[in-house]
Amino acid sequence: MIPVDLDALASCLASPACLVTQTTSGLIIGMLLFLVAVGLTLIFGVLKVVNFSHGAFYMFGAYFAMTAYQLTGSFALAILSGAVGTAILGLIFERVFMSRVYGRDVLMQLLVCYAFVLIFDDVVRMIWGPEFRSMGMPAAFQVPPLFIAGGVVPPYYLLLIGVALAAAVVLGLGLARSRIGKVIRAAAHNPGMVSALGINTGLIYGGVFALGGMLAGLAGALAAPVRSLTPGMGFSVLIESFIVTVIGGMGSILGALIGALLIGLIRSFGSLGFPLFTEGLMYLFMVIVLVSRPTGLFGKEVA
Amino acid sequence: MKKTRKPGISRRATLALMGAGAATLAAPWVARAQAKTIKIGMPTILSGRVAQLGTSSRNAVMLEVEKVNAAGGLAGRQIEMVIRDSKGQPQEAARIARELVNTDGCEMLLDGEASSGSFAVHEVARDLGVLCIHTCSEASSLTADPKQHIPNAFRCVRQGIHDSIVGAGYAAGIAKAKGLKKWATCSPDYAYGRDTTGEFVLYLKKFAPDVEIISESWPKLFQPDYTEVVTKILQAKPQALYSCLWGGDLTSYIDQANIYALFTQMEVFAVNMADYTALTVVKNLPKGIHSGDRYIKTFPATPENAAWGDAYKAKYNEYPTNWSWQNATAVMFLNEAVKKANSTDGKKVAEVLTGLTIKCPFGADGTVTMRADDHTLVGYAIGWGTTIPKEPYVPDVKAGDWKTIFELEAEWKKSKGYT
């Protein structure tokens, strides 16, 4: 048993092949995590609720994608239905249930979300059964991996990183530059004033929640070909997303991106150097960030 | 529009309560007077992540119980199964087991718990003296450790130590033939994963002394992503990989390792691959993974085994699991033992069960035996083979040799201080 293996880490850092492999492996873990975490942080930033049921949207995205893929055989449709399906689900969930607990005490919000974690898991169990399922890799991606500078890179992961990166850019630019983005940011800052200006805040809240759900669903759909599907699969992803948002700062999109990539890289390189302490490294990093910057790397001071 | 109600309990309610109380008190007496049926209790896991353990166990039990009942029951008494969900919690399993005997009047127990719960049920059996057959726990110490031995408990399950001996023997043969010296392991980080991997490596090195373990990975149980583990193994460049990942974890691992073409770069030995629960779920099953048999209807390749697998599939619309054959075998043992004892008395049945050999579709030679000295199942079909992506999935299973198993098991028991 080797608790610390710095030789392995050093020799990896010295070899371009190993660097390429481990970096892409860190990137894909990070990018999927980013998609889930960014929805969480967005919902918190605008709606001021911590959506503990966010992992369920990741799960539904995966199951929707699997079902669409089995019915149509089209991978593009599978991804699309994962994203669109969870967006609709998110909208309904927000309008019918979450909108009733805004501004209520945190315990109440927590209880409603936790109740839906259990309900959503059981719904999945009823529809798709309690056993684990697998979607399978689309034929187009059942090809040998690419070798870049001697490192191994599966083509599917390139697509995955590309889609997630595109989502990050569209989201970032959309919020910063577009009119809707401006309204959303305003609603996050002062909902009363936005409402007084004649803007339908209910619509914005519903829209933001749907967007957050959609991003988690997209992550689930993209992960479906490589991760097994089970009721409750959203849980461990949710925990890591919380770590990401804590590191990056609640409410910050850039923070979610940087936080997620850091976690991904810590996992991929940590498993070489600290094989028995990879999980611990993640938490250790979170503690260091919390102690030195309690609002997270990109979080804003709360007055 | 509100009706006012008087506080306190009304006369009618009091009468109803008294009636209910009287009925409850009277019930056991009525039940005993008419005890033509025999109740058998079964705590098992019917909900949560490993619900398949319980459902496929229950299915197999019911399949066999129907046959026994159709043939007249146990010594003329129809079997009534009382099956309850422990949710996988040992204290709940113990509570249910006790309740099944004390409150429900069950005269025997089938313990369908995973290893953690089975030790708790075992203590209940020790305390109450009720006949108990463990049907799911593969932990060797449950019967190997003499401290666990009680006259009324039996284990009708394959065993970790048997699997390790057969698996390592098979793997060592291939290691020698193909010159596989550098090995890596990747197993879930909990008791089962650590113990099973440790025993496998121990015997692999015994049979093939120049084998060297160059990389170990211990992913968390139920970890969603194994990419970092996969790439770490690729960096280490071993010639062979051993894993005891199982269920959804194993299928995730295969999907993720597949796109890195891991299976073309090393020989993979995955003891839990050849189980229909995993085989039928993986969409792109790589060819040539070495695996132990969990349950395969083509091994042993007898018409009896095939017929049993097909009958189960016809009834439940899915293939049986490893737990299914073990539970079915337990009912077969009970049936034979009661016939021989000509009684359903737990003590007499236990006496007959000790050392009993019965005909069984899952036996290596068509029979299985409940070994007398440690009350555990031996002689069951056990072997390893390589996978293909379609039925029969593992076309050619190499059977393990029970003579070798017995020799090495005896040595292992000695080394553990059990004998």
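This is a predicted model: local features need pLDDT of at least 70, side-chain atom pairs count only at pLDDT 80 or more; totals for chains, interfaces and linings use all residues.
Axes here are lines fitted to C-alpha atoms, over the stretch in contact in the case of helices, and the angle between two of them runs from 0 to 180 degrees, following the N-to-C directions. Helix H11 (residues 253–273) of chain A packs against helix H12 (residues 278–292) of chain A at an angle of about 140°, and their axes lie 9 Å apart. The crossing of H11(A) past H12(A) is right-handed. On the H11(A) side, the residues involved are A:Ile263, A:Ile266, A:Arg267, A:Gly270 and A:Ser271, and they meet A:Thr278, A:Leu281, A:Met282 and A:Phe285 in H12(A). Sorted by class, this contact has 5 nonpolar, 3 polar and 1 charged residues.

H11 of chain A also turns up where the two chains meet. The contact between the chains draws on 36 residues from chain A and 31 residues from chain B. On the side of chain A that touches chain B, helix H2 (16–47), helix H10 (234–248) and H11 of chain A each supply at least two residues. H2(A) provides the largest share of that side, namely 6 residues. By class, the side of chain A that touches chain B comes out as 19 nonpolar, 12 polar and 5 charged residues.

Now for chain B as a whole. Chain B contains 14 helices and 16 strands. Its C-alpha atoms fill a box of roughly 85 × 65 × 45 Å along the principal axes. A compact globule of 419 residues would have a radius of gyration near 22 Å, so the 24 Å of chain B agrees with that expectation. Of the 419 residues in chain B, 52% are buried. Among contacts in chain B between residues at least 6 apart in sequence, 66% link residues at least 24 apart.

Chain B splits into domain 1 (38–159 + 302–378) and domain 2 (161–300 + 383–415). The centres of these two domains of chain B, taken over C-alpha atoms, are 28 Å apart. Where the domains touch, 18 residues of domain 1 of chain B are in contact with 16 residues of domain 2 of chain B. Helix H11 (303–316) and helix H12 (322–341) of chain B each give at least two residues to the domain 1 side of this contact, and H11(B) gives the most, with 4 residues. That domain 1 side divides into 6 nonpolar, 9 polar and 3 charged residues.

A few backbone details in chain B are worth a look. Most residues other than glycine have a negative phi, and most peptide bonds are trans. Yet a cis peptide bond joins B:Phe299 and B:Pro300, with omega about 0°; B:Pro300 sits in the loop between strand S11 (290–295) and H11 of chain B. Another cis bond runs from B:Glu391 to B:Pro392, with omega near 5°, and B:Pro392 is in the loop between strand S15 (383–386) and strand S16 (397–399) of chain B.

As for phi, B:Ala75 has a positive value near 50° without being a glycine. B:Ala75 is placed in the loop between helix H2 (51–70) and strand S2 (79–85) of chain B, and it counts as partly exposed because 15 other C-beta atoms lie within 10 Å. B:Asn317, also not a glycine, has a positive phi of about 60°. B:Asn317 belongs to the loop between H11 and H12 of chain B, and it counts as exposed because it has 7 C-beta neighbours inside 10 Å.

Definitions and conventions. Residues are numbered from 1 along each chain as its sequence is written. Chains are lettered from A and ligands numbered from 1 in the order in which they are written. A crossing is left-handed if the near helix is turned anticlockwise from the far one by less than a right angle, and right-handed if clockwise. Two residues are in contact if their C-beta atoms, placed from the backbone, lie within 7 Å. Ala, Val, Leu, Ile, Met, Phe, Trp, Tyr, Cys and Pro count as nonpolar, Asp, Glu, Lys and Arg as charged, and the others, Gly among them, as polar. Domain bounds come from an automatic or database domain assignment. The radius of gyration is taken over C-alpha atoms; the globule rule is 2.2 Å times the number of residues to the power 0.38. A residue is buried if 20 or more other C-beta atoms lie within 10 Å of its own, exposed if 12 or fewer, and partly exposed in between; C-beta atoms are placed from the backbone.
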